[in-house]
Amino acid sequence: MKKILVTGGTGYIGSHTVVEAQQAGYEVVIVDNLCNSQVGVIERIQQITGIRPAFEQVDCTDMAAMEEVFKKHPQIGAVIHFAAFKAVGESVQKPLQYYHNNLRSLWVLLTLLPKYEVGNLVFSSSCTVYGQPDHLPVTEQTPRKPAESPYGNTKQICEDIITDAVRAGIPVQGILLRYFNPIGSHPSAKIGELPIGTPQNLVPFVTQTAAGIRPQLRIFGNDYNTPDGSCIRDYINVVDLAKAHIVAVDRMLKKQCKKPVEVFNLGTGKGVSVLEIVRTFERATGVKLPYEIVERRAGDIEQIWADTTFANTELGWQAHETLEDTLSSAWKWQQTLQ
Ligand SMILES: NC(=O)c1ccc[n+]([C@@H]2O[C@H](COP(=O)([O-])OP(=O)(O)OC[C@H]3O[C@@H](n4cnc5c(N)ncnc54)[C@H](O)[C@@H]3O)[C@@H](O)[C@H]2O)c1
């Protein structure tokens, strides 16, 4: 059963995970409707690993089409479910699209998994489920706060749907991975983050500014209650993050899970401020970053970083890449886009 299905596998985190899965000996079937990625990613993955993953251009919310995927690709051991809409701001403008896409795609999977005897599901969750926590760092036991956006709400609801369905007895093992802030690119610079329009995340904004595509970086607020006044996040290298998915799938296939639904924080355990990112990027790449401080952005929390003890001890996984190397990889990727 070393075959896995990866929804959203041509996207940013999905493509890096497909590479790691293939390199770990898994046969991969990608399902993606290309609403936020490009088909050329398949070719790039093949260039890195020497193996072309199977690809089905299918919308995960389409039950009939997904059923055909499971019929065509029998003997799938696990599904990693990345496919979702992910822009926080856009979710406020288009809540119904977000609820439909993110909830229905999970619902379709949970309906089909038992029918096609697929017993394992890894779900992409997010540190957004914690909101602004009362205590830092956050552990998996830190209470979730009411979601601040429809996007965040979809992650909370999806976590609950999986937990409720498993509790009700569907024969599926679940692992919920709460990502902190994934950044960087594969060291080959063949795959990376491809934001459409103005980037919502800091690092693509940084690299586009460094490349001269944007005149200057906007830093949203320098009056937060943090050492330098800018927001603090836990930035996790995307390849480190991808590797955690392979550990999670291995754990499920070896039946090592201790609970029907397990939850892990995936971060570095270190909080880094926006201004530290700017300085580290400049040091790592030698490129000067023009920036301006602007008003705080609505919906941004002040600071969050992960307690990763549980992932370190229980999964035996930890982040290895330095922030310097990770920012350099993002810059190398940006330079291939010009
Ligand atoms: N990037 C982050 O900062 C971050 C942080 C926490 C959690 N996540 C979650 O991780 C997952 C992957 O994020 P990403 O950054 O790689 O996003 P991405 O947009 O790069 O990748 C998502 C992929 O899913 C596809 N997709 C979306 N809806 C689909 C559907 N209905 N059917 C088929 N394909 C569909 C898109 O085309 C895209 O290729 C998402 O669930 C996201 O919410 C991301």
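The model is predicted, with local features needing pLDDT of at least 70 and side-chain atom pairs counting only at pLDDT 80 or more, while totals for chains, interfaces and linings use all residues. I noted that residues are numbered from 1 along each chain as its sequence is written, and that side-chain values use heavy atoms, leaving out hydrogens and water.

Next I looked up polar contacts, which are pairs of N or O atoms within 3.5 Å. An N or O atom in the side chain of Ser37 is 2.7 Å from an oxygen atom of the ligand, and a polar side-chain atom of Asp59 lies 2.9 Å from a ligand nitrogen atom. The protein buries 96% of the 830 Å² that the ligand exposes when taken alone, with areas from the Shrake-Rupley method and a 1.4 Å probe.

I then turned to the strands, which are DSSP runs of E with at least two residues, numbered from the N terminus.

Seven strands form an open sheet with parallel pairing, in the order β3-β2-β1-β4-β5-β6-β11, where two strands pair if DSSP finds at least two bridges between them. β3 (54-56) and β11 (261-266) stand at the edges with a single partner strand each, so one side of each has no neighbour in the sheet.

Last, I checked β1 (residues 3-7) and β4 (residues 78-81), which run parallel and are joined by four bridges; Thr7 stands opposite His81 in β4.

Technical notes: A polar contact is a pair of N or O atoms within 3.5 Å; within protein, one must be able to donate a hydrogen and the other to accept it, and residues adjacent in sequence count only if both atoms are side-chain atoms.
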